[in-house]
Amino acid sequence: MALLPDLVAALASGCVRIVDLTNRLEASTPTLRLPEPFANLIDFSLETVSEYNEPGPFWKHANIHTGEHIGTHIDAPVHWVSGREGHDVSQLPPERLVGPAVVLDFSAEAAADADFLIDVEHIERWEAEHGAFEPNTWLLLRTGWDQFSDDQEAFLNADETGSHTPGCTAELAEWLAARPEISGVGVETVGIDWGRGAELDPPFPMHYHLLGADKYGITSLQRLAELPARGAVLVVAPLPIVGGTGSPTRVFALVEAQA
């Protein structure tokens with residue numbers, strides 16, 4: 001079996017295409033805003049060091065300034081108190097970062113109610129229709145929120161009562177954490193938790209349960225609408241930051257082209 005040559009040939013012929021699920025990383029990329037008294041990460045920025053001039057006559061290069069959890073990024077277990085003894089982002093096993101992807105579409109529900117909560121019954125209903133998850137599955141939750149990915153205000157959708165973005169119930173978070181075949185969960189919103197996740201028990205249950213169970217989260221995904229409900233392969237490529245709790249991440253999906 002010539003698996004890798006067959007994959008290369010399929011990519012070259014267009015039989016398999018690559019869908020980039022990553023939001024562009026720049027100063028205007030929407031980011032999380034925590035209320036006082038909590039501290040926020042710095043936004044992304046570039047500092048030019050040389051640009052074909054005296055500091056560097058033949059080259060252009062820059063310093064990057066950014067927080068770990070900016071733009072499309074991965075949450076490693078050590079990011080949350082429940083996973084504090086777990087892996088940092090440099091220690092994530094590569095075999096856990098490539099795997100089958102399933103896409104559950106809740107875009108209609110989120111359009112009707114920005115505070116929509118996904119519960120266990122929604123996932124069970126999907127599995128009854130599409131089949132059980134495979135080992136090492138990445139669960140991707142499509143809500144249509146990527147349409148706001150270039151607008152900070154719309155992306156956070158916040159008012160005096162908090163941020164109104166769709167997410168998961170505490171019961172679902174605990175249920176997913178107990179599923180051994182799931183490597184991680186990806187969302188289109190700024191974080192893996194419901195916008196008002198502080199109101200749930202425990203607060204921010206997706207972070208608490210998933211990261212505490214050695215699973216990962218990916219946020220700010222794009223173009224999930226281009227993926228099938230199942231059959232795609234996800235490739236997650238964070239920076240291996242030693243001691244890092246997360247990293248801006250390039251995320252690709254390999255998808256069979258439609259005949």
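User: What volume does the second largest pocket have?

Analyst: About 180 Å³. This is a predicted model, where local features need pLDDT of at least 70, side-chain atom pairs count only at pLDDT 80 or more, and totals for chains, interfaces and linings use all residues. Residues are numbered from 1 along each chain as its sequence is written, and side-chain values use heavy atoms, leaving out hydrogens and water.

User: What makes D20 and R250 lining residues of the second largest pocket?

Analyst: Lining residues have an atom within 4 Å of a grid point; on the 1 Å grid over the protein atoms alone, a pocket is an open set with protein on both sides within 12 Å along at least five of seven lines, whereas in a cavity a 1.4 Å probe fits but cannot get out. D20 and R250 are on that list, along with T22, N23, R24, L25, T72, A237, L239, P248 and T249. Strand β14 (residues 246–256) gives the most, 3 residues. By class the lining has 4 nonpolar, 4 polar and 3 charged residues (Ala, Val, Leu, Ile, Met, Phe, Trp, Tyr, Cys and Pro are nonpolar, Asp, Glu, Lys and Arg charged, the others, Gly among them, polar).

User: How much space is in the largest pocket, and which residues are closest to its centre?

Analyst: The largest pocket holds about 950 Å³, a volume being the space filled by probe spheres set on the points, which are joined across faces, edges and corners. Of its 40 lining residues, L32, R33, L34, P35 and F204 are the closest to the centre.

User: How many cavities of 30 Å³ or more turn up, and what lines the largest cavity?

Analyst: The search of the whole structure finds 1, and the largest cavity has about 70 Å³ of space. Its lining includes I118, L141, P166, C168, E188 and D193. The class count there is 6 nonpolar, 4 polar and 2 charged.

User: Why is L7 called partly exposed?

Analyst: Buried means under 20% relative accessible area and exposed means over 50%, with partly exposed in between (1.4 Å probe, protein chains only). L7 has 32%, so partly exposed is the label.

User: Why does Y52 count as exposed, and why does N157 count as partly exposed?

Analyst: Y52 reaches 55% relative accessibility, so exposed it is, while N157 is at 30% and therefore counts as partly exposed. Y52 is in strand β2; N157 is in the loop between α4 (152–156) and β8 (158–159).

User: What is the phi of Y52, and what is the phi of N157?

Analyst: Y52 has a phi near 55°, and N157 has about 50°.

User: Which peptide bond is cis with omega near 0°, and which has an omega of about 10°?

Analyst: D201 to P202 is the cis bond with omega near 0°, and E36 to P37 is the cis bond at about 10°. P202 lies in the loop between β11 (182–187) and α6 (205–212), P37 in the loop between β1 (16–20) and β2 (45–53).

Conventions
Helix = DSSP H or I, 4+ residues; strand = E, 2+ residues; numbered from the N terminus.
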